[in-house]
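Please look through the sequence and the structure below.

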Amino acid sequence: MKIDQPILLNVESAPGSATVMASGRQRFKETGLLGVLLALGFLLTIFGGSLEERNRDTGSTNTVNKFLRADNLGNLAKDTSFFAIMAVGATGVIITGGIDLSVGSMYCLAAVCGAMFLNYFGPQGPGAGASPFWVVPGAIAICLGTGTLCGLLNGLGVVGLRVHPFVITLGTMAIYRGVAFVMTKAQAFTSFPEQFTDGLIRHQINWQGASLYPVPLAIMIGVTVLAGWYFKHAVTGRHIFAVGGNEQASLFSGLPVNRVKLKVYAFSGCTAGIAAMIMLGYYGSASSDAGKGYELDVIAAAVVGGASLTGGRGTALGALLGALTIQMINNGIVILNIDQNYSQIIIGAVIVLAVLLDRINGTLRDKRLARAARSARETQQELAS
Amino acid sequence: MALQDVSFDVMPGVCHALMGENGAGKSTLGKILAGIHRPDEGRFEIDGVVQYFRSPLEAQRAGVGIVHQELSFCPNLSVAENICLSHLPNRAGRMDWHRLHRKAQACLDEIGAECDVREELGRLSAGQTQLVQIAATLATGARIFVMDEPTSSLSAAESQRLEGLIGQLRRRGVTILYVSHRMDEIFRFCDTVTVMRDSQHVATMPRAETNESELVRLMIGRAWQKLFPEHVERAPGPERLRVEELSSPGKFRNVSFSLCSGEVMGIAGLVGSGRSEIAMGIFGLDSSMTGRVFVEGQGVSVRSPREAMAFGIGFVTEDRKRQGLVLGMECGENMTLASLDRLNWNGIIRRADERNLVTSFFEKLQVKAASAHVPAQTLSGGNQQKLVLAKWLARECRVLILDEPTRGVDVGAKAEIHRLIDELAAAGLAILMISSELPEVLNLSTRLMVMRNGRVAGMLDRAEATQERVMQLMAGRDTQENLRPH
């Protein structure tokens with residue numbers, strides 16, 4: 001594929017200036033967070049102590065590390081997956097300079113809609129015995145569709161009404177949960193087709209005597225990788241960063257600013273739907289209380305992962321690592337037998353600390369870049385003189 | 001580290017110019033004096049007393065004040081509140097509005113500024129805001145004024161007024177540190193000049209002992225190069241853009257002109273005469289505009305920048321930091337921002353093509369950056385402007401609107417941009433160029449439109465466009481015949 005070369009300028013591709021592109025590419029952005037995670041894991045392994053575990057097959061007991069054992073790590077991955085998936089969606093919104101407070105409610109509404117559907121076709125429902133070949137995809141479509149639709153409505157509010165996203169999503173946060181409440185009449189829905197729960201989301205594998213559930217983990221990794229790739233390589237991804245970096249300049253450069261915003265809010269809703277789907281399959285029930293307060297955990301994960309609330313910055317992998325950090329601390333509090341009541345204090349402090357560290361890292365990077373720019377100018381001047 | 005070993009002395013009551021290209025460190029020096037930045041090393045003395053400021057408030061107490069475009073006060077508060085912001089008159093915490101307004105009025109009267117002290121500051125023009133700033137600085141008892149590019153967004157009349165005010169301040173014994181790169185101003189009212197280059201002190205001398213070309217040589221560190229390319233007469237090509245009776249309430253009325261391939265039509269006029277507004281209108285950013293726009297002879301309706309771009313119109317805006325660039329994004333990404341649809345392969349960016357495009361424009365426009373991956377904000381003003389130009393050239397537009405293409409650009413880059421504009425016109429682009437710098441408009445335009453109060457005050461050919469004539473038309477000291485719309 002050939003780009004139309006500007007006819008007005010005799011531009012030739014200049015192989016000599018390839019160095020212009022080669023040097024100075026920004027380093028892997030999540031190095032700091034990965035370091036924190038490794039340190040955290042190391043500390044928990046050392047100070048978490050060990051416990052006696054019975055091997056189911058042989059009946060013998062052996063000593064295992066409290067943190068570094070398959071059961072615990074699998075659990076940690078499952079707990080992380082909900083938040084990480086939604087945090088990836090929230091990161092998209094945050095990169096455009098917006099905010100989505102309704103993720104918890106969208107998650108709840110999607111879960112409730114899916115739960116009612118699954119319950120209808122469940123073993124005790126009127127539609128029992130329906131073929132799983134369309135019940136399972138139907139449930140997935142309902143969860144994802146409900147989430148996406150809610151997100152789209154958020155986006156329409158932000159774009160069409162020109163009201164700050166904080167206000168719009170604050171409103172829809174209450175509205176969506178209210179809808180879920182009215183729909184369920186405050187009762188919980190259970191009894192889902194086995195093909196959706198144990199057969200799909202709760203699919204279990206046994207490894208070294210521990211039961212692991214790899215599906216939530218796989219979905220989390222899939223969503224993160226896809227979103228990360230999309231942010232980086234897709235045209236819309238570039239648009240997202242441009243709109244968040246400078247909305248006016250984006251408009252003046254002819255970017256479809258409103259469409260970009262619609263897309264990120266819809267995506268945020270979609271990730272809430274995916275998380276709801278996993279939750280339904282894993283726990284096998286849902287009520288209108290699901291996901292209460294999740295919005296703040298999700299935003300916290302995105303922010304710890306390096307997303308800037310002023311827009312223009314953030315990564316999908318960062319969101320995953322941010323969610324993992326928070327869950328690891330939660331996990332650590334249990335392992336270290338710290339009083340549960342302290343967990344909020346510790347997590348709150350960690351959020352602030354992580355953002356602070358990220359800023360210091362950013363300042364150092366800016367200094368390095370400024371130095372590089374200056375030396376480039378000097379070389380140019382030397383060449384000129 | 002934006003400064004290295006800068007030392008000089010300034011006498012009281014003197015207007016001392018601080019010159020240098022963009023990024024030479026002159027603003028940083030001003031900000032250190034005003035306590036906004038802190039120096040790593042070194043000291044300065046005021047009346048023989050060594051000072052070290054840790055905050056603007058400490059500088060204020062020592063009698064140093066700064067007048068700076070970007071440091072204006074709170075636009076949501078009234079003029080009076082802004083003037084007295086650091087010590088609002090109150091009785092036991094309760095605002096004393098009467099005393100506040102009297103005090104503010106007194107400050108404004110002192111410098112002869114006329115504006116309502118109850119007005120919200122955000123509603124004032126750039127010039128008025130600056131006067132308020134000066135009044136406020138004076139009210140703090142400042143004896144040393146740092147003025148950082150004070151005229152960069154003022155109209156000619158406002159600049160002249162500022163000049164008078166500077167004279168007035170000096171007679172009171174106020175020392176002025178005047179940061180600028182406008183030669184004419186420095187030769188008009190500065191006594192001594194310090195030249196800086198690459199964060200370093202180059203020379204300090206009395207103005208009388210130097211001349212323009214020496215200053216330029218010191219500033220850019222090499223011999224003066226020609227600021228404007230030689231004008232070559234060219235026959236205009238086919239018509240690219242024609243507008244008829246464009247009007248927008250409160251902005252401009254009955255503007256008609258046509259623009260051909262190969263032409264550079266300059267638009268001169270005071271700030272607020274409707275120059276930029278016309279550009280915005282043509283680019284689809286004014287929904288209340290009426291009139292007809294023809295692109296290549298076809299009547300079109302342009303309702304958004306996207307549509308304007310579809311018709312081959314590009315727009316280099318006046319304010320590159322707010323409207324031109326996404327400062328936090330990489331230089332290369334900024335360059336391709338307007339042409340992503342051409343690099344689009346099923347929604348994916350064609351990386352290799354993007355790289356080629358960026359590399360070729362880096363080369364062609366000689367952008368000085370550590371690499372194409374550094375954020376645009378790390379570049380100097382001139383190089384940032386080149387990025388904006390490249391953004392539109394990469395789109396291969398046929399009509400290019402330039403609004404203040406060399407504002408805040410250093411001398412070296414200015415000459416390069418001028419040469420580029422000329423080359424682009426020669427290559428067949430139709431260029432509409434708005435500029436406050438008369439020499440720029442006069443030297444580069446093949447035709448000139450002068451605006452006054454939202455109307456076309458006159459349409460001049462290159463041959464008839466002289467500085468005096470354009471000034472006359474701009475300011476309105478002219479006979480009625482030129483008022484008829486063309």
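## Antiparallel helices in chain A

Helices α4(A) and α5(A) are roughly antiparallel to each other, because their axes cross at roughly 150° and angles over 145 degrees count as roughly antiparallel, under 35 as roughly parallel, 65 to 115 as roughly perpendicular and the rest as oblique. α4(A) covers residues 103-120, α5(A) covers residues 132-160, and their axes come within 8 Å. Axes are lines fitted to C-alpha atoms, for helices over the stretch in contact, and angles run from 0 to 180 degrees between N-to-C directions. Helices (H or I, at least four residues) and strands (E, at least two) are DSSP runs, numbered from the N terminus. The crossing of α4(A) past α5(A) is right-handed. A crossing is right-handed if the near helix is turned clockwise from the far one by less than a right angle, and left-handed if anticlockwise.

From α4(A), the contact takes in A:M106, A:L109, A:A110, A:C113, A:G114, A:F117 and A:L118. From α5(A) come A:G138, A:A139, A:I142, A:C143, A:T146, A:G147, A:C150 and A:G151. Two residues are in contact if their C-beta atoms, placed from the backbone, lie within 7 Å. By class, this contact of α4(A) with α5(A) has 10 nonpolar, five polar and no charged residues. Ala, Val, Leu, Ile, Met, Phe, Trp, Tyr, Cys and Pro count as nonpolar, Asp, Glu, Lys and Arg as charged, and the others, Gly among them, as polar.

## About the model

This is a predicted model: local features need pLDDT of at least 70, side-chain atom pairs count only at pLDDT 80 or more, and totals for chains, interfaces and linings use all residues. Residues are numbered from 1 along each chain as its sequence is written, while chains are lettered from A and ligands numbered from 1 in the order in which they are written.

## Two further helix pairs in chain A

α5(A) also packs with α6(A), residues 165-184. Their axes come within 9 Å and cross at roughly 145°. This crossing of α5(A) past α6(A) is right-handed. On the α5(A) side stand A:C150, A:L153, A:N154, A:G157 and A:V158. They meet A:P165, A:I168, A:T169, A:T172 and A:Y176 of α6(A). The contact of α5(A) with α6(A) has six nonpolar, four polar and no charged residues.

α8(A) (residues 214-233) packs with α13(A) (residues 316-335) at about 145°. Their axes are 8 Å apart. A:M220, A:T224, A:A227, A:G228 and A:F231 of α8(A) meet A:A316, A:L317 and A:L320 of α13(A).

## Domains of chain B

Chain B is assigned domain 1 (15-220) and domain 2 (239-483). These bounds come from an automatic or database domain assignment. The two domain centres, taken over C-alpha atoms, are 31 Å apart. Contact involves 12 residues of domain 1 of chain B and 12 residues of domain 2 of chain B.

On the domain 1 side, α6(B) (156-171) and α8(B) (212-220) each give two or more residues. α8(B) gives the most, with three residues. That side divides into five nonpolar, six polar and one charged.

## Four-stranded sheet in chain B

Four strands of chain B form an open antiparallel sheet in the order β12-β11-β14-β15. Strands pair if DSSP finds at least two bridges between them. The edges are β12(B) (252-260) and β15(B) (298-300), each pairing on one side only. The twist averages 15° from one strand to the next.

Six bridges join β11(B), residues 239-248, to β12(B). B:S248 stands opposite B:F252 of β12(B). Helix α9(B) (275-282) packs on this sheet and touches β11(B), β12(B) and β14(B) (290-295). Its direction makes about 115° with that of β11(B).

## Six-stranded sheet in chain B

Another open sheet of chain B has six strands in the order β16-β19-β20-β13-β21-β22, with mixed pairing. β16(B) (313-316) and β22(B) (455-461) are its edge strands. Neighbouring strands are turned by 20° against each other on average, direction ignored.

β16(B) and β19(B) (residues 399-403) pair in the parallel sense over four bridges. B:F315 stands opposite B:I401 in β19(B). Helix α15(B) (411-426) packs on the sheet, touching β13(B) (264-269), β19(B) and β20(B) (430-434). The direction of α15(B) makes about 150° with that of β20(B).
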